[in-house]
Amino acid sequence: MRLFQLLFRASPAALLLVLCLQLGSNKAQENTTSPRIIILDFQLARVEDEKQEVTADLKVQTELKECMVIKAFLSSNVHIEGGFSFKYTACLCEDNPRRFFWDFKTNSTAQIAAVVDIVRELYICPDDDAVIPIKANRFYTVKTLPAA
């Protein structure tokens, strides 16, 4: 009989403990979001002088724990010469965001896209430790550059 009395006294405490554990685990699961593979911050700035020079500034970040090899370049709906055609290759890691600059001249309105491809290339990342995400390997953002 005493055994049954102990069982019934412990039940409310055990139920409360299970309820608290369940609520705590649900809250922990809600806060899990998948890390963003690539984060782009793209800015265009025109120098107001007779040269009509434009500076494009691209900052690339990742929230992945692993590093990856990236190629960054610009693309446009109009033909632009000079530094516009430069392509950069770099190792991108979570704790080391990368920044790329292009200087070029144009006096026409243009749609300019900053494009970042995740590629498989050796001798860029330390010890060639780099990943290629399955989800996507090309990321871009587009800005309009008004005519001068």
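## Lys-71 and Glu-121

Lys-71 is partly exposed in this predicted model, at 25% relative accessibility. Its side chain meets that of Glu-121 in a salt bridge, 3.3 Å from N to O. Glu-121 sits in the loop between strand 6 and strand 7, while Lys-71 belongs to strand 3, so the pair ties together parts that are 50 residues apart in sequence. Glu-121 is partly exposed too, with 33% relative accessibility.

## Other salt bridges

The count of salt bridges comes to 5. One of them pairs Asp-117 with Arg-138, at 2.6 Å from N to O. Asp-117 is in strand 6 and Arg-138 in strand 7, 21 residues apart. Asp-117 has 13% relative accessibility; the cut-off for buried is under 20%, so Asp-117 counts as buried. Arg-138 is partly exposed, at 49%.

Another salt bridge joins Arg-36 and Glu-63, whose closest N and O atoms are 2.9 Å apart. This pair also links distant parts of the chain. Arg-36 is in the loop between helix 1 (2-30) and strand 1 (39-46). Glu-63 is in the loop between strand 2 and strand 3, 27 residues apart from Arg-36. Arg-36 is partly exposed at 48%, and Glu-63 is partly exposed at 29%.

## Two disulfides

The whole structure holds 2 disulfides. Counting bonded cysteines along the chain, the pattern is 1-3, 2-4.

Cys-67 bonds to Cys-93, with an S to S distance of 1.9 Å. The link is right-handed, with 110 degrees about the S-S bond. Cys-67 lies in the loop between strand 2 (53-61) and strand 3 (68-76). Cys-93 lies in the loop between strand 4 (88-92) and strand 5, and the two are 26 residues apart. Both are buried.

Cys-91 bonds to Cys-125, S to S 2.1 Å. This link is right-handed, with 105 degrees about the S-S bond. Cys-91 is in strand 4 and Cys-125 in the loop between strand 6 (110-119) and strand 7 (138-145), so the bond ties together parts 34 residues apart in sequence. Cys-91 and Cys-125 are both buried.

## Trp-102

Is Trp-102 buried or exposed? Trp-102 is buried, with a relative accessible area of 1%. This residue is found in strand 5 (residues 98-105).

Beyond four places away in sequence, Trp-102 touches several residues, among them Val-54, Leu-58, Phe-73, Leu-74 and Tyr-88. Its side chain also reaches the backbone oxygen of Phe-86, at 2.9 Å. Ser-85 is 17 residues from Trp-102 in sequence, and their C-alpha atoms are 8.6 Å apart in space.

Technical notes
Residues numbered from 1 in each chain as written. Predicted model: local features only at pLDDT ≥ 70, side-chain atom pairs only at ≥ 80, totals over all residues. Heavy atoms only, no water. Helix = DSSP H or I, 4+ residues; strand = E, 2+ residues; numbered from the N terminus. Buried < 20%, exposed > 50% of the residue type's maximum accessible area, 1.4 Å probe, protein only. Contact = heavy atoms within 4.5 Å. Polar contact = N/O pair within 3.5 Å; in protein donor to acceptor, adjacent residues only side chain to side chain. Disulfide = S-S within 2.5 Å. Salt bridge = Lys/Arg side-chain N within 4 Å of Asp/Glu carboxyl O.
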